[in-house]
Amino acid sequence: MCGIIGFSGTENAVPKLMQGLSALEYRGYDSAGVAYFENGSLRFVKEKGRLDKLQSKINAVGVFDTTCGIGHTRWATHGAPSDVNSHPHGTENVLIVHNGIIENYAQIKSFLISKGYVFKSDTDTETAAKLIDYHFTEIGEPIEAVRKALNTIEGSYAVAALFSGHEGKIFAFRKDNPLIAAPSLDGSFITSDISAVLKFTNKYYEISEGEIAVADKDGITFVSSEGNIVQKELQTALWSVDKTEKCGFEHFMIKEIHEEPEALVRTLSPLVYEGNIAVGDLKDDDLRQFEKIHIVACGTAYHAGLIGKVAIESLARLNVNVYYASEFRYINPILGENDLVIAISQSGETADTLAALRLAKLKGVRTLAIVNNEGSALAREAYSVFYTKAGPEISVASTKAYHVQLGALYLIALKFAGIKGTLAADEISRLTHALVNDVPDKIRETLDHKSHCEYVAKKYMNVKNMFFIGRGVDRAQCEEAALKVKEISYIHCEAYAAGELKHGTISLIEDGTPVVAIITSMTTADKMISNIEEVKARGARVILFVTEGLSIPSGIANDIIYLSKTEEIFMPFICGTSTQLMAYYMSLNLGHDVDKPRNLAKSVTVE
Ligand code: M6R
């Protein structure tokens, strides 16, 4: 969703802002803008559409000589994407860029209208900007003006602001939205996402809630809510800039699929040593007491949770519920004192997942976050953290992050199996070895044969609808495979429990309807073959993803993708990679914007 970049230094700020905005593009946006000082006055340029349009407008306006500015990519919430709704917003005295939502914008707006303010946009942000302007006009000093405004503002925000009379300074503050300050050799950055500044620096300070950061060419100062200067520890980002570049691949998505084996090894190997498994920072005594697990997550992370449920229940015989995080608060979940809530998220900033975690905490239940983004809100707020080490995932479609989430859940399942005594120690160590060694190798093998996935993708890419059927864990895999095709190919897909089709949905199967069937589970193979026959009898064209070596009748499918065989329980890794490849090649050959599918944002920071 929205992204913020700010720079104040000794060099021209605009090229730096534009590079920062370009690094933020992956988050998803519909418009962009910059604000800057020019000869002591505040100026802005903003434009609906992609960054090249903003750049043309900047060139036309002729913005060359400014060393301090802020920039923003907007993903519309309040007000349609348009030039006028784009950020920055404000007045000739105050300009701000904002991520998040001002919940009481309507009351603030009526108050300001009564004070003579006129509004140009439909955004909630404009009300915050003008409220800050109202107090700034009254007080004449930015920090106090911001404080006064924040007493009124309700909602979530990360804001970077420029004030007239304070040339060269960026004021930044946040609540429930990420924002960091990053010093570099030639100035100071403010950003909502470390990826935006990795080209210039990997050092950063966290801005705590309640603080106001003031960045200028000489450094960054933090002022507490009591008005005191706060000393902070400089952090080092673990992500490097090459992870935010395509490195010769056509898209981030295909690059990130190729990074899956390496990401898995990086995540899992440090946690497995001398027959022991570490689950994030959870101690064995903590784990022993848990009787039930509740997984909360969204989208692909939710699908990882569905597979995690199968793994934990079958290996450790521990009961697991999986919830859409967006539903968790509305179903009055039954949580016991010996329960563990696991929140899964790549970004660690997904608003629904955060809200679910907060509810669990409110109910006094222990929480574990499986999260990829270090220092993210979910990581900060959870009782324990299991960091996945996928590195930055830029493509909106989640691929390698899904694989490391699966890896984390399998490791948790094996750990619980040991704690609960449901598997013998040598079996746990055999499976753990396979997870860390054989699975990455088999994913590499899958990548070596990607051309067959491309062939199948091209054959079916022009269809309007597809069905995905499977049983047990394969049904969960269907959900993820269908999501991948839907989000980047815009083909309507329906994932279905194969045995359920004949209870209604089979009426949608007609001559030529493509049905993807997944068989990685021996126990359901025979039943799946009957279900495939049922759809074939109604004219379906069947694309079968099946573990190599599994016996299937000849002529059962129109196209078969054989999955490299590893331990049956770990087949979701291999099938996951294959179905991601099929989705990628469909989108690519349809000519879609693979990494930035329409309407979608990478981090969904609104509920
Ligand atoms: O950052 P998160 O893992 O919390 O994101 C959750 C979903 O928004 C995300 O997995 C989404 O479904 C992906 N675009 C799917 O590819």
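Reader: What makes the lining of the largest pocket draw on domain 1 (3–244) and domain 2 (266–446)?

Author: At least three residues of that lining come from each of the two domains, whose bounds come from an automatic or database domain assignment. This is a predicted model, where local features need pLDDT of at least 70, side-chain atom pairs count only at pLDDT 80 or more, and totals for chains, interfaces and linings use all residues. Residues are numbered from 1 along each chain as its sequence is written, and side-chain values use heavy atoms, with hydrogens and water left out.

Reader: Which residues lie nearest the centre of the largest pocket, and what counts as lining?

Author: I194, W239, N373, E374 and G375 lie nearest the centre, out of 39 lining residues. A pocket is an open set of points on a 1 Å grid over the protein atoms alone where a 1.4 Å probe fits, with protein on both sides within 12 Å along at least five of seven lines; lining residues have an atom within 4 Å of a point. Strand 11 (203–206) and strand 15 (235–236) each give two or more residues to this lining; strands are DSSP runs of E, at least two residues, and helices are runs of H or I, at least four, numbered from the N terminus.

Reader: Why is the second largest pocket said to lie between two domains?

Author: Happy to explain: domain 2 (266–446) and domain 3 (451–590) both give residues to its lining, so the pocket lies between them. Among its 25 lining residues, C298, G299, T300, K602 and V604 lie nearest the centre. Helix 9 (299–316), strand 20 (339–345) and helix 16 (473–489) each supply at least two.

Reader: Why is K484 called buried?

Author: Buried means under 20% relative accessible area, exposed over 50% and partly exposed in between, with a 1.4 Å probe and protein chains only. K484 has 1%, so the residue is buried. K484 lies in helix 16 and touches M253, T300, A397, S398, Q580 and A583, not counting residues up to four places away in sequence; contact means heavy atoms within 4.5 Å.
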